[in-house]
Amino acid sequence: MLDSVLASWDKMTTPTADGDRIIAAIDLGTNSLHMVVVEIEPKLPSFSIIGKEKETVRLGNREPETGNLKLEVMERAIHALARFQEIAKTLNAEAIIAVATSAIREAPNGRDFLERVKKELGLDVDLISGQEEARRIYLGVLSGMEFAEQPHIIIDIGGGSTELILCDSQEEKVLTSTKVGAVRLSKEFITTDPISTSEFDYLQAYTRGKLERAADEIKVNLKNGTYPCLVGTSGTIETIAAIDVRNKLGVEPSTLNGYEFTFSDLQTWIHRFRKMDNKERAEIPGMPDRRSEVILGGAIVLQEAMALLNVGSIKICERALREGVIVDWMLKNGFIENRLRYQSSVRERNIVKAAQKFQVNTEHSDRIAEFALSLFDQTQYTLHDWDSKARELLWAAAILHNCGYYVSHSAHHKHSYYLIRNSELLGYNETEIEIIANLARYHRKSAPKKKHENYRNLIHKEHRELVSQLSSLLRIATALDKRQNGAIAKVECTYDSAKREFQVQLFPSDINDDCALELWSLDYSKVVFEEEFNVKLVAKLGSSATVTT
């Protein structure tokens, strides 16, 4: 199946672009909002950072009763994003790619906030899963340091979550995301200043318990006799490194990349942090504004992770999620042809992985995908104007449309929605996963309706229209392999705009097969298609002799 999937996927690639490009990436984190602006040099391919911005907004400081994002925090975030947009414009950025992580992911009003950002600023923000966040962190680190042949463990301590990643220069082996972070722990468990002994001891034990599962998964996947290098990224770890190097050398370095400190160094700083109040921590040379409030919680996460992984030192990489967002964009847009090339197939590889996990009939789903893409191509610019990105989502839904059989044959289309929606499909953002799940949901039975909760989850009208139109194509595609035996070899479509008649000619694999069941199924399934596009579908059987191979 994988070969045929990749073969069909090759038709969807974007041509490599020429000339330098300037792109901005924004990370809406739990603690801070960050932006990086880069100049991409396609011929190398590589990118250079030409601008950086940060604003501490504390999206993770949510309403204690409801978990909602606070109104004043949302206002600060929107103000910061507007400022970032102006800076990106000044630096001639042609596009801004923005992602949101755990704080917005977990807030009941998180999607409403992103809709407001879209409405007020015209900025689309992708809500990504914890595993997808880990994957992009890996891409960012890989773009900034040499791995050689040594396995690496990457740790990224954010405000609301900690990502632990086992990887090498070829691929990510393990991607984990745990709900412990500097802001989350500080807010939930530290009420004394300086911290009391009882709170400190409990914080350590709680953090260790939370990280054990991720650390065990890393260790199980490490080959015997290998000694991984631990790489640390983002605010907490960079702050500890900056403080440590100033303390040792008396100067602030121009870069922290490659700087290494030991587990013993870390424990020394934790001992000092816990004895100080917030004001005293804030006065430590190298301590950024407001980082003093959460540095102890973040440092304990690092301590417990290093202890569980049994590593004695950590090396700093200043590239992380934001740079990973840039690399991911370069991969998707055909800029990278070097050793990262394998990453460009991450989306289809994860769809295939999900199909295997849910025991999908792969020969059947391959045929459905082929029919669906053929129908898409033959109706493009006549019945619809959807682009190659929509085509990719249709392909994914076609491969997984029947995965609900894994749960039950009854109402399997609804089970397909649930399984897809709750799968970690790496390479896709939350909106794309929602679209794929809805496309699969509506391959049979009822057409999309506003009263359906899953359909209402599609916030944008454009996304609902995409699902309504492309799911009707998927319905037709599923009808063409009703017996799941490849009875139909090929489909040719013509459209008579004067009559508003859509003619579908089916070519059987066997000239002696009347394909009566496929024709009946097509007649049954065409109703939704006809209503969606306001056309009449007319099907007829052609001769197998006209089929080309």
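1. The accessible surface of the protein chain amounts to about 24,200 Å², and carbon and sulfur atoms hold 46% of that area (Shrake-Rupley method, 1.4 Å probe). This is a predicted model, in which local features need pLDDT of at least 70 and side-chain atom pairs count only at pLDDT 80 or more, while totals for chains, interfaces and linings use all residues. Residues are numbered from 1 along each chain as its sequence is written, and side-chain values use heavy atoms, with hydrogens and water left out.

2. The protein chain contains 20 helices and 14 strands (DSSP runs of H or I with at least four residues, and of E with at least two, numbered from the N terminus). Its radius of gyration is 26 Å, close to the 24 Å from the globule rule for 549 residues, so the chain is as compact as a globular protein of that length (taken over C-alpha atoms; the rule is 2.2 Å times the number of residues to the power 0.38).

3. Of the 549 residues, 55% count as buried, meaning under 20% relative accessible area with a 1.4 Å probe, protein chains only.

4. The largest nonpolar core has 60 residues, of which Tyr428, Leu470, Val491 and Phe529 touch the most other members (buried Ala, Val, Leu, Ile, Met, Phe, Trp, Tyr and Cys joined through side-chain atoms within 4.5 Å). Helix H15 (residues 388-400) supplies the largest share of this core, 9 residues. Apart from it lies another core, of 46 residues, including Ala242 and Leu302.

Notes:
Buried means under 20% relative accessible area, exposed over 50%, partly exposed in between (1.4 Å probe, protein chains only).
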